[in-house]
Amino acid sequence: MTLGVAVIGAGMAGRAHASAYRVAPTLYASTLPDLRYVSIGDLSPELGAEAAKRFGYERSDTDWRAIAENPDIDVVSVVVANFLHREMVEGLVAAGKHVLCEKPLSDSLDDARAMADLARGADTVVRVGFTFRRAPGVAMLRQLVNDGTLGNVQHVDVRYYCDYAADPSGPISWRFKGGPGTGALADVGSHAAYLAEFVAGDISEVSGGRFTTAIKERPVALGVVQRVGKVEVSDQREPVENDDYASFSAQFASGVGVVEVSRVAAGHPNGLVIEVYGDKGAAVWDLERAGEFQLVLNSDPSAIRGFRRVVLGPEAPYFGGGLAMDAQGVGVGQNEGFNFQARAFLEEVAGLDESASLPRCATFDEGVHNMEILAAVAESAAHGGAGVAVPPARTS
Ligand SMILES: NC(=O)c1ccc[n+]([C@@H]2O[C@H](COP(=O)([O-])OP(=O)(O)OC[C@H]3O[C@@H](n4cnc5c(N)ncnc54)[C@H](O)[C@@H]3O)[C@@H](O)[C@H]2O)c1
């Protein structure tokens, strides 16, 4: 069997998917079928062609429908603006493709629910990528909660501070359009909410929802805007419609939490930090030091009790055999998460048994649940921070 691969979107995350499919077969034992790297899709012919050349794909396409119609392609990542996800996913599933869609599932909860209905009935594997669960340090925090090392979770803090929108002369793009909660909350808060649940269990209620838009308008670009990279701008300006900053409190079955996200946090290019406090100890993971985590255990002698730095090694999830050099201390970063995610997705597509695979990628029902948390935060914010119940994730 040979699986033909394509990626739609040659932006920051699209390039990470394109690269990850190349790396995926080199992780762990050689159990994946042969892969054929067929196409990169991007509206911009230059960006598509450049990414195809760089990552060794045979061609590029400017219209995603060419990818849907191409019989050589089996597996497609959808890595474009959130408002484009539904149309592409529907077209690709109808064409019989396996689809890995980027988070958040969509820019609208109604669209996300329709996508989940479709995914449930699909004959192909249809999943959503929440990359950070694949970070060995994050998976380690979850393990320390699940194996009881940290005891009962008392509170959790997830902070995702970015500065990609801190410069007011940065151009308007799809990221700045949409209703309350479609800004920083959807962009990086979707990760933060997912990770809060990943380490501490399901959120049943949110409260204290709060948004601010710090920069009210931005210039219109003269070329294609991607999240990274400079582009010339015109004199024309457009309003920023959504949140630059968002925060909320969360109620878990065990404990409470706070999630705080920003895209205008000067000095924090990519500042994701997860802190989990239990009744037996605490652990902290910081994306800027992704190859380590901090741990304190209450059982340590009081004279030397304090946070210790644990440098990740082959005993951490994903690490051993999953990195070309997998000795303690070699370090990991965000890109590896995409590699493990691509591997997990391809293992499921190839029909490899779950017991011999990486944990499966999240279902679209989980993607809907994630968006229901974000919608509850928006409702809370609209009602002065009132408590809003979050429906449990659908499991079948
Ligand atoms: N998992 C992660 O860590 C992570 C990180 C960043 C972004 N994302 C997600 O990935 C998606 C894309 O984000 P990004 O930062 O790469 O965006 P981006 O703006 O950098 O790039 C998007 C690309 O899509 C192209 N495009 C626009 N319309 C298109 C169309 N109709 N057909 C084909 N291509 C089209 C653009 O030319 C651009 O190159 C979003 O859903 C985002 O939430 C995930």
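## The N-terminal stretch

Helices (H or I, at least four residues) and strands (E, at least two) are DSSP runs, numbered from the N terminus. Those residues, 4-130, carry the UniProt annotation "domain: Gfo/Idh/MocA-like oxidoreductase N-terminal", which comes from an unreviewed entry. UniProt positions follow the numbering used here, feature names are shortened, and annotations may be inferred rather than shown by experiment.

Please keep in mind that this is a predicted model: local features need pLDDT of at least 70, side-chain atom pairs count only at pLDDT 80 or more, and totals for chains, interfaces and linings use all residues. Residues are numbered from 1 along each chain as its sequence is written.

## Two domains side by side

The domain assignment gives domain 1 (2-130) and domain 2 (133-362 + 369-380); such bounds come from an automatic or database domain assignment. The centres of the two domains, taken over C-alpha atoms, are 22 Å apart. Where they touch, 34 residues of domain 1 are in contact with 35 residues of domain 2. Two residues are in contact if their C-beta atoms, placed from the backbone, lie within 7 Å.

Which parts of domain 1 supply at least two residues each to the side that touches domain 2? They are α1 (12-23), β5 (98-102), α5 and β6 (126-129). The largest share of that side comes from α1, with six residues. By class, the side of domain 1 that touches domain 2 has 23 nonpolar, eight polar and three charged residues. Here Ala, Val, Leu, Ile, Met, Phe, Trp, Tyr, Cys and Pro count as nonpolar, Asp, Glu, Lys and Arg as charged, and the others, Gly among them, as polar.

## Helix α9 and its partners

Two packed helices are described by the angle between their axes and the distance between the axes. Axes are lines fitted to C-alpha atoms, for helices over the stretch in contact, and angles run from 0 to 180 degrees between N-to-C directions. The axes of α5 (residues 109-120) and α9 (residues 364-382) come within 8 Å and cross at roughly 165°. The two helices are therefore roughly antiparallel; angles under 35 degrees count as roughly parallel, over 145 as roughly antiparallel, 65 to 115 as roughly perpendicular and the rest as oblique. The contact includes L109, A112 and M115 of α5, and F364, V368 and M371 of α9. Its residues divide into nine nonpolar, one polar and three charged.

Helix α7 (residues 184-200) also meets α9: their axes come within 10 Å and cross at roughly 115°. In α7, L185, A186, G189, S190, A193 and Y194 meet N370, I373, L374 and V377 in α9. This contact has seven nonpolar, three polar and no charged residues.

## Helix α1 against α8

α1 packs with α8 (residues 334-349) at an angle of about 60°, with their axes 8 Å apart. That makes α1 oblique to α8. Among the residues in the contact are A16, H17 and Y21 of α1, together with N335, F338 and Q341 of α8. By class, the contact of α1 with α8 has six nonpolar, four polar and no charged residues.

## Two backbone details

Most residues other than glycine have a negative phi, and most peptide bonds are trans. What kind of peptide bond joins K103 and P104? A cis bond, with omega about -25°. P104 sits in the loop between β5 and α5.

Y28 has a phi near 60°, a positive value in a residue other than glycine. You can find Y28 in the loop between α1 and β2 (34-41).
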